[in-house]
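Open your viewer and keep the sequence panel beside it. This tour tells you what to select, stop by stop.

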2 protein chains.
Amino acid sequence: MLSKKTKYGIKALVHLARQRDRMPVQISTISKSENISQKFLESILLTLRKNGLLGSKKGKGGGYYLLKDPNEIPMTTVMRLLEGPIAMVPCVSLNFYEKCADCTDEDACAVNKLMLKVRDNTLEIFRNTTLADLSN
Amino acid sequence: MLSKKTKYGIKALVHLARQRDRMPVQISTISKSENISQKFLESILLTLRKNGLLGSKKGKGGGYYLLKDPNEIPMTTVMRLLEGPIAMVPCVSLNFYEKCADCTDEDACAVNKLMLKVRDNTLEIFRNTTLADLSN
DNA sequence: CATTACCCTAGTAAATCTATAGGGTAAAAG
DNA sequence: CTTTTACCCTATAGATTTACTAGGGTAATG
């Protein structure tokens with residue numbers, strides 16, 4: 001299951017991408033428009049900013065804005081930031097690899113084999129989908 | 001993340017599929033061979049039996065066995081049984097559909113759009129992979 | 001200098017996961 | 001018919017994660 005954090009994060013990013021100018025948008029605006037708890041959204045936008053996706057401006061007329069062109073933000077980046085590993089098991093994860101405790105031979109493992117296929121496919125989709133693609 | 005339940009369930013099913021004859025295999029045998037807690041495995045095999053994938057035999061020489069040919073068991077069946085929905089969000093689920101509370105227009109929702117692609121792809125893999133494919 | 005709006009930490013209720021405990025019961029072997 | 005084997009079933013509990021909420025602090029603008 002996709003966490004609400006990721007879901008809300010994507011919605012917020014798309015909201016910012018749909019902005020024609022690059023003017024800052026207030027948290028409260030996004031919160032109302034997308035039906036997201038303001039405080040929760042605050043923490044999500046904060047992690048997006050800390051990880052270089054968003055910039056922010058304080059004081060009157062402040063808010064959050066995208067740092068890059070939506071075309072240059074693939075969903076792999078967004079998903080890894082918000083949701084973590086794309087793979088369903090750590091033993092097929094590229095960025096979060098971990099060996100299974102119970103598995104003696106990874107190459108002979110059916111779960112590994114199956115989930116590798118799923119990961120490859122999902123990764124391909126996330127790689128080829130940018131924030132811009134989702135904003136139309 | 002894939003739950004341990006699903007992971008163990010797949011491993012157990014593959015173990016049974018690899019059996020050349022259709023003789024019952026004891027829980028304890030699978031448990032040791034696959035490094036799975038016996039009691040936990042018991043409950044997993046029970047749900048697989050209740051849902052028509054496995055048969056069981058009591059008493060000496062008893063155990064669990066596949067009811068169908070591994071070729072005729074697609075992973076969609078296994079995944080839905082053990083893991084539940086294949087989709088990452090309920091609003092794109094075929095068998096477990098639910099409307100999002102926060103979403104006003106599903107067709108305009110970026111999360112919906114993205115996760116629909118992922119689901120279609122993942123589903124295709126699970127449909128085209130049978131237990132037999134994983135057992136070689 | 002007051003207001004706006006982001007910044008940050010901590011905590012918590014609820015749900016889910018991953019088992020474990022503790023037996024009960026049917027069937028086969030001898 | 002009795003013993004053993006091995007499945008059957010319910011309840012519960014610790015650990016972890018999720019989805020927030022509380023409660024303020026701080027920087028920047030007008």
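**Before you click.** This is a predicted model, in which local features need pLDDT of at least 70, side-chain atom pairs count only at pLDDT 80 or more, and totals for chains, interfaces and linings use all residues. Residues are numbered from 1 along each chain as its sequence is written, chains are lettered from A and ligands numbered from 1 in the order in which they are written, and side-chain values use heavy atoms, with hydrogens and water left out.

**Stop 1: a helix pair in chain B.** Select residues 4-18 of chain B, helix H1, and residues 38-50, helix H3. Helices here are DSSP runs (H or I, at least four residues), numbered from the N terminus. The two pack at about 75°, with axes 10 Å apart. Axes are lines fitted to C-alpha atoms over the stretch in contact, and angles run from 0 to 180 degrees between N-to-C directions. H1(B) is therefore roughly perpendicular to H3(B) (65 to 115 degrees).

Now show side chains. From H1(B), the contact uses Lys4(B), Lys5(B), Tyr8(B), Gly9(B), Ala12(B) and Leu13(B). H3(B) answers with Phe40(B), Leu41(B), Ile44(B), Leu45(B) and Leu48(B). Contact means heavy atoms within 4.5 Å. What classes are these residues? Eight are nonpolar, one is polar and two are charged. Ala, Val, Leu, Ile, Met, Phe, Trp, Tyr, Cys and Pro count as nonpolar, Asp, Glu, Lys and Arg as charged, and the others, Gly among them, as polar.

**Stop 2: the largest pocket.** Select Met1(A), Met88(A), Met1(B), Ile86(B) and Met88(B), the closest to the pocket's centre of its 23 lining residues. A pocket is an open set of points on a 1 Å grid where a 1.4 Å probe fits, with protein on both sides within 12 Å along at least five of seven lines; lining residues have an atom within 4 Å of a point. The space is about 510 Å³. H5(B) has the largest share, five residues. The lining holds 17 nonpolar, three polar and three charged residues.

**Stop 3: loop residues.** Go to Asn35(A), between H2 and H3 of chain A. Its phi is near 60°, positive in a residue other than glycine. Asn35(A) is partly exposed, at 42% relative accessible area (from 20% to 50%, 1.4 Å probe, protein chains only).

Finish at Asp21(A), in the loop between H1 and H2 of chain A. Its C-alpha is 9.7 Å from that of Tyr65(A), 44 residues away along the chain.

How values were computed
Parallel < 35°, antiparallel > 145°, perpendicular 65-115°, else oblique. Points joined across faces, edges and corners; volume = space filled by probe spheres on them.
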